[in-house]
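Reader: Could you walk me through what is shown here, one piece at a time?

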Amino acid sequence: HYFIQSNLRMFAKCRQWRSLQSNAVRSLTSYGVINDDILSLISRIVGPENLTVSESARNLHGTDESFHPTQPPDAVVTPLSTEHVAEVMKICNRHCIPVIPFGTGTGFEGGVGAMYGGLCLALHKMTEIVEVNATDFDATVRAGVTRHQLNDWIKGDGLHFPIDPGAGASVCGMCSTSASGTNAVRYGTMRENVINMEVVLADGTVLHTAGQGRRPKKTSCGYNLTNLFVGSEGTLGVITQATVRLHGIPEATAAAICSFDTVHHAVDTVVQILQCGLPMARIEFLNADMITACNSFSDLSIPVGPTLFLEFTGSPSGVEEQAMVAEELCTDNGGDNFTWATEHHEREKLWKARHNCWYAVKAMCPGKHAYSTDVVVPLSHLPEIILFCHELAADMSVPVPIVGHVGDGNFHCFLLSDQGDADETNLIVDFSTKLALKAQSFGGSCTGEHGIGLGKRDLLIGEVGPGAWDTMKLLKRSLDPKLIMNPGKVIDLKHL
């Protein structure tokens with residue numbers, strides 16, 4: 001408790017002085033202004049049709065799914081190639097113009113806001129699928145290709161790209177935040193599924209993190225530059241191309257749901273399933289408030305209570321065996337209403353409801369803004385921290401729907417607020433901070449898959465410790481000496 005309270009006091013002081021610090025940083029870094037001459041230089045590179053300063057376009061590209069207010073850039077450019085990105089970066093570096101990469105705007109941490117103005121690099125027109133090597137189980141895509149587009153392209157080869165954050169995210173955007181999702185328990189996160197990346201640095205230099213054209217299944221060659229840029233959130237360079245691992249589409253798939261009387265029983269079941277070595281494709285936890293929202297939004301009739309969503313893949317006989325073992329474990333832990341879904345449309349309805357949790361919660365209070373936490377803890381602490389969430393929710397006198405990728409200890413609490421209500425916003429910030437500090441005290445992390453962005457910058461310092469923190473600052477200064485790459489994200493510029 002002392003750990004949490006002392007850090008809360010520090011965060012309160014940080015918020016109190018943030019506006020003053022922003023003005024000081026703007027002066028310190030002496031960012032340039034996008035004037036007509038700079039717009040003309042950029043227009044010659046990308047064409048006038050790919051450059052805009054319209055208010056609507058700027059507002060659109062200064063907003064993501066987070067509760068952070070819109071922070072529009074001064075201009076939006078839509079490059080068509082890596083060469084375009086490199087030439088634009090050279091201009092911005094020369095004139096010290098901030099650059100904010102933009103994928104599809106599905107992030108949750110305010111990572112696309114232009115805190116200091118500048119230029120938004122909207123990468124959605126770079127939609128080439130460069131190559132698919134079906135025999136080698138890999139594909140190379142440009143920055144604008146979404147995971148849905150890639151999967152539509154490769155499904156005819158019996159392949160899929162399984163990383164599934166539940167949104168129409170771009171593959172390179174997923175690299176930028178080290179995204180994961182419901183399939184992480186089986187296939188890992190983006191860090192385990194990226195082989196190589198093409199990155200444009202702040203000065204326009206183009207590098208390939210594993211060497212141009214390289215796509216080995218493993219390597220121990222030099223520093224791991226690929227994982228340096230995975231999760232860098234546009235603060236070290238612009239990811240313009242990624243080579244990712246593909247996986248075979250399973251022969252058979254089955255889904256199931258099971259309700260429990262307590263959170264402890266549900267999580268105990270998950271641990272036992274994993275200890276048995278069942279190759280689970282997905283294990284998701286939804287609390288009673290989340291089930292209520294899903295039933296209403298997705299026209300379901302799932303019993304209201306702590307619930308597991310499970311998915312099994314493999315051969316038909318293997319899937320049946322996995323499901324039988326899982327059902328037995330659920331029953332042993334007090335699970336009830338274990339229901340199979342083997343038909344494709346039944347599974348799709350179930351998982352669509354799971355992926356629509358965010359929108360189901362927002363539909364509970366139309367017009368309000370939603371915020372998602374993203375803590376991750378060791379599995380042994382999962383029941384305790386979920387109960388801690390319920391205690392915080394009781395103090396706030398509001399429902400707190402929870403959905404979690406419990407196979408890896410990551411879960412989200414969804415909170416609603418009126419964006420113009422300072423008291424409600426402060427409640428959300430306090431809830432999120434207390435929860436993150438609790439997760440860190442259990443040996444966990446403040447973010448499992450959403451990234452740091454704006455809201456978790458202060459939490460990052462305490463989590464990684466002084467040695468790692470100083471090294472991160474050194475890397476930022478080395479690769480981006482003028483601090484033009486998505487400034488203010490991950491590392492607050494006051495620390496640089």
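Reader: Which side chain of opposite charge is nearest to glutamate 233, and how far away is it?

Author: Happy to start there! This is a predicted model, in which local features need pLDDT of at least 70, side-chain atom pairs count only at pLDDT 80 or more, and totals for chains, interfaces and linings use all residues. Residues are numbered from 1 along each chain as its sequence is written, and side-chain values use heavy atoms, with hydrogens and water left out. Glutamate 233 is buried but has no salt bridge, and the nearest side chain of opposite charge is lysine 489, at 7.9 Å.

Reader: What do those terms mean?

Author: Buried means under 20% relative accessible area, exposed over 50% and partly exposed in between, with a 1.4 Å probe and protein chains only. For charge, Lys and Arg are positive and Asp and Glu negative, while His and the chain ends are not counted. A salt bridge needs a side-chain nitrogen of Lys or Arg and a carboxyl oxygen of Asp or Glu within 4 Å.

Reader: Where is glutamate 233 found, and which residues does it touch?

Author: Helices (H or I, at least four residues) and strands (E, at least two) are DSSP runs, numbered from the N terminus. Glutamate 233 sits in the loop between helix 9 (225-229) and strand 10 (238-245). Counting contact as heavy atoms within 4.5 Å, and setting aside residues up to four places away in sequence, glutamate 233 touches Ser176, Thr177, Gly451, Ile452, Gly453, Asn486 and Val490.

Reader: How many disulfides does a search of the whole structure find?

Author: A disulfide is a pair of cysteine sulfur atoms within 2.5 Å. The sulfur of cysteine 120 is too far for a bond, because the closest cysteine sulfur, in cysteine 92, is 11 Å away. For cysteine 365, the closest is that of cysteine 294, at 15 Å, again too far for a bond. The number found in the whole structure is 0.
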